[in-house]
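Reader: I am new to this structure and would like to know what stands behind the terms used for it. Please take them one at a time.

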Amino acid sequence: MSLLAEAPGYFRVYSDGSIKRDKHETVPACDDSSSNGYKSKDVVISSTKPICARVFLPDTPDSSNLLPVLVYFHGGGFCSVSTTWLGYHTFLGYLAVKSQSIIFSVDYRLAPENRLPAAYDDCYSALQWLSCQVSSDPWLERADLSRVFLSGDSAGGNIVHNVVIRTIREQSCDQVKIKGMLPIHPFFGGEQRTEKERASEEAAHFADLLWKLSLPEGLNRDHPWCNFEKAELSMAEWSRFPAVLVFVAGSDFLKERGVMYASFLEKKGVEVKLVEAEGEVHVYHVLHPESEATCLLLKQMSEFIHSF
């Protein structure tokens, strides 16, 4: 059995098709909010696939008000990571408190065992589950499904885009009203290199590896799941796109794609704003959830949510 591919610190893929993922510090859910202003619990969306999610509920002075819902999709190049990781748990708990929102963070199936569109299907299923369970789960009884936002970082930002396209095409999940999208350092690509990709050969090859492991065999990086410019939507469908707040990081290899994404949406008539964290690296908010830059990100996300 030989090593076929490796993402140091994350996973290794072997010739027999098996994959070994490195362990990272995780945090269990906790329904005691006394110390940090929020509580959390894990829910099962589908036991057969499996799909689960972690719910973060903030302490609120007025227990009668409905709260906006932010559905979050973690990153990891579609191949690794979990919402139970310490960085995600900390960041999303802080986001629940800062934005006074219910956070619903989805753990979807990973590639290469489950290639795309598995992650998209799972995250779309999570929206359907949310619409069905809001009336029966006490933690969701204050969820305002007329104010739902989708967010995620890296591959999760890509999932945000593709799940929204599916809801528009299928005109589905009617109970869930998606008011806005907040992709953070979204992971997109294409067969044609950007200037930054040409200058960062090692990072570009790593991104290629992730797409090779994630896309169905036979598809390349110009598939619409990877290259947003290839999406085939009518102008009527683009007009139903929610408002978008795109976050990029100044020192991120993916910054260029994020800037291109915002520009592309603007040309399609979508209400979009681009925010750059100068000098910051890819997914800094997960790596350093206590940093000043992350505090600013939390403020920007909260302001966007409460502008609706």
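This is a predicted model: local features need pLDDT of at least 70, side-chain atom pairs count only at pLDDT 80 or more; totals for chains, interfaces and linings use all residues.

Reader: What makes S1 an edge strand?

Author: S1, S2 and S3 form an open sheet in that order, with antiparallel pairing. S1 and strand S3 (19-21) each pair on one side only, and they are the edge strands. Neighbouring strands of this sheet are turned by 10° against each other on average, direction ignored.

Reader: Why is Asn158 called buried?

Author: Asn158 has a relative accessible area of 0%. Buried means under 20%, so Asn158 counts as buried. The place of this residue is in helix H3. Asn158 touches several residues beyond four places away in sequence, including Phe78, Tyr120, Trp211 and Trp225.

Reader: What makes the pair of Asn158 and the backbone oxygen of Phe187 a polar contact?

Author: A polar atom of the Asn158 side chain lies 3.0 Å from the backbone oxygen of Phe187. The cut-off for such a pair is 3.5 Å, and the distance of 3.0 Å is within it.

Reader: Why is the pair of Glu113 and Arg21 called a salt bridge?

Author: The N to O distance between their side chains is 2.8 Å. A salt bridge needs the side-chain nitrogen within 4 Å of the carboxyl oxygen, so the pair qualifies. Glu113 lies in the loop between strand S7 (102-107) and helix H2 (118-133) and Arg21 in strand S3, so the pair ties together parts 92 residues apart in sequence. Glu113, at 43% relative accessible area, is partly exposed, and Arg21, at 27%, is partly exposed.

Reader: How many salt bridges are there by this rule?

Author: The count comes to 14. Asp122 and Arg109 form one of them, with the closest N and O atoms 2.8 Å apart. Asp122 lies in helix H2 and Arg109 in the loop between S7 and H2, so this pair ties together parts 13 residues apart in sequence. Both Asp122 and Arg109 are buried.

Reader: How do you know that Glu191 and Arg221 form a salt bridge?

Author: Their closest N and O atoms are 3.7 Å apart, and the limit is 4 Å. Glu191 is in the loop between strand S9 (178-184) and H4, while Arg221 is in the loop between H5 and helix H6 (235-238), 30 residues apart. Glu191, at 34% relative accessibility, counts as partly exposed, whereas Arg221, at 14%, is buried. Glu191, Arg193, Asp208 and Arg221 are linked in a network of salt bridges.

Note on methods:
Residues are numbered from 1 along each chain as its sequence is written. Side-chain values use heavy atoms; hydrogens and water are left out. Two strands pair if DSSP finds at least two bridges between them. Helices (H or I, at least four residues) and strands (E, at least two) are DSSP runs, numbered from the N terminus. Axes are lines fitted to C-alpha atoms, for helices over the stretch in contact, and angles run from 0 to 180 degrees between N-to-C directions. Buried means under 20% relative accessible area, exposed over 50%, partly exposed in between (1.4 Å probe, protein chains only). A polar contact is a pair of N or O atoms within 3.5 Å; within protein, one must be able to donate a hydrogen and the other to accept it, and residues adjacent in sequence count only if both atoms are side-chain atoms. Contact means heavy atoms within 4.5 Å.
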